[in-house]
Amino acid sequence: MKINLAIVGSTGLVGQEILKILDQRKIKIDSLKLLASKRSAGKEIDFRGKKYIVEEAKPESFTDVNVAIFSAESDVSKLLAKEAVKRSCIVIDNSNAFRMDNDVPLVVPEVNPEAAFNHKGIIANPNCSTIQMVVALKPLYDFSLIKNIWVSTYQSVSGTGYKGIDELRRLSLKSLNKEDLKSEVYPKPISFNLLPHIDIFLDNGYSREEMKMVNETKKILQDPNIQIEPTAVRVPVLNCHSEAITIETKETITKEIAINLFEKAPGITVMDNLKEEVYPTPLDVNGKDNVYVGRIRKALISKNALSMWVVGDNLRKGAALNAIQILELLSEKGCLK
């Protein structure tokens with residue numbers, strides 16, 4: 001089965017991570033097109049010893065391409081994804097353009113791989129914070145129905161791309177030098193600060209980022225009754241998102257049961273030994289494929305409640321790797337024509 005691949009947004013952080021992971025996983029690519037905005041067209045990118053010239057993404061770019069990974073803004077996906085599908089190309093989209101469309105599966109391969117094969121040309125990658133949460137919760141959900149989820153996210157600046165990383169570095173230096181801080185990317189300075197503000201605020205008082213976690217989790221788990229209480233926070237960390245999660249289940253799940261379930265589940269690594277001060281942090285998880293879980297404990301609020309600390313690399317599992325795993329599913333099942 002040939003993989004004639006196009007990457008839209010190839011010059012961005014996630015696009016570059018996609019190329020890195022394709023090489024690391026030794027995925028055979030028969031042909032490759034690197035696409036981006038008109039502004040980035042003409043740049044050279046090395047991949048497996050060959051130089052590729054980045055092209056401007058246009059509808060005709062997807063001729064002779066059978067699968068495309070989109071890692072650009074949602075307006076680019078809305079403009080070009082269906083054009084790609086018209087040209088017999090399957091689109092794996094990392095934006096929020098189609099995630100909640102009824103005809104578009106929202107896929108995390110460790111959680112609902114079967115959904116990837118029920119598409120009409122477009123498959124959506126969930127939000128990064130949703131991905132790592134549902135990977136961690138799926139083995140628990142399969143053991144006992146989860147009724148309620150309380151989650152607070154601590155999201156790194158790489159979620160905003162190169163500009164977020166540059167802003168943190170620039171303002172951190174200014175902070176240390178006691179210079180005036182002028183934020184250009186975030187609504188307030190991110191250096192040595194926390195912003196309970198990711199994306200825009202909606203009329204219900206929640207941010208769009210928070211509501212993504214609510215709506216996407218229900219869709220992925222196919223459970224409209226699960227109740228989710230989110231708070232999303234941007235933190236001065238370069239890469240990797242962290243989440244404090246408490247769940248309430250129908251049946252009791254002890255810490256020992258949870259660890260056993262985690263250790264058997266795909267895509268999860270347990271780091272939990274408080275006596276040795278072992279728990280995951282962004283520095284531990286940076287560059288890793290798995291979602292890391294630690295500080296697993298019975299919660300105080302209910303006999304059927306469990307709390308945990310979950311860390312994942314948002315550029316890898318939260319975006320690039322998840323898309324590539326979907327590509328691998330399609331290739332393994334012979335879905336690429």
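**Entry 1: H3 and H8.** I looked up how helix H3 (residues 128–143) packs on helix H8 (residues 316–332) in this predicted model. The angle is about 85 degrees and the axes lie 8 Å apart. Axes here are lines fitted to C-alpha atoms over the stretch in contact, with angles from 0 to 180 degrees between N-to-C directions. So H3 is roughly perpendicular to H8 (65 to 115 degrees counts as that). Cys128, Ile131 and Val135 of H3 meet Lys317, Gly318 and Asn322 of H8; contact means heavy atoms within 4.5 Å. Helices (H or I, at least four residues) and strands (E, at least two) are DSSP runs, numbered from the N terminus.

**Entry 2: strand E14.** Is strand E14 (residues 305–312) buried or exposed? Seven of its eight residues are buried, so the rest of the structure largely encloses E14. Buried means under 20% relative accessible area, with a 1.4 Å probe and protein chains only.

I then checked its partners. Strands pair if DSSP finds at least two bridges between them. E11 (residues 241–249) runs antiparallel to E14, with eight bridges. Threonine 246 stands opposite serine 307 of E14. E13 (residues 291–298) is also antiparallel to E14, over five bridges. Six residues separate E13 and E14 in a hairpin.

**Entry 3: asparagine 148.** I found asparagine 148 in strand E9 (residues 146–155). Its side chain makes a polar contact with the side chain of glutamate 248, at 2.9 Å. Such a contact is a pair of N or O atoms within 3.5 Å, one able to donate a hydrogen and the other to accept it; residues adjacent in sequence count only if both atoms are side-chain atoms.

**Notes.** Residues are numbered from 1 along each chain as its sequence is written, and side-chain values use heavy atoms, without hydrogens and water. The model is predicted: local features need pLDDT of at least 70, side-chain atom pairs count only at pLDDT 80 or more, and totals for chains, interfaces and linings use all residues.

Key:
Buried < 20%, exposed > 50% of the residue type's maximum accessible area, 1.4 Å probe, protein only. Parallel < 35°, antiparallel > 145°, perpendicular 65-115°, else oblique.
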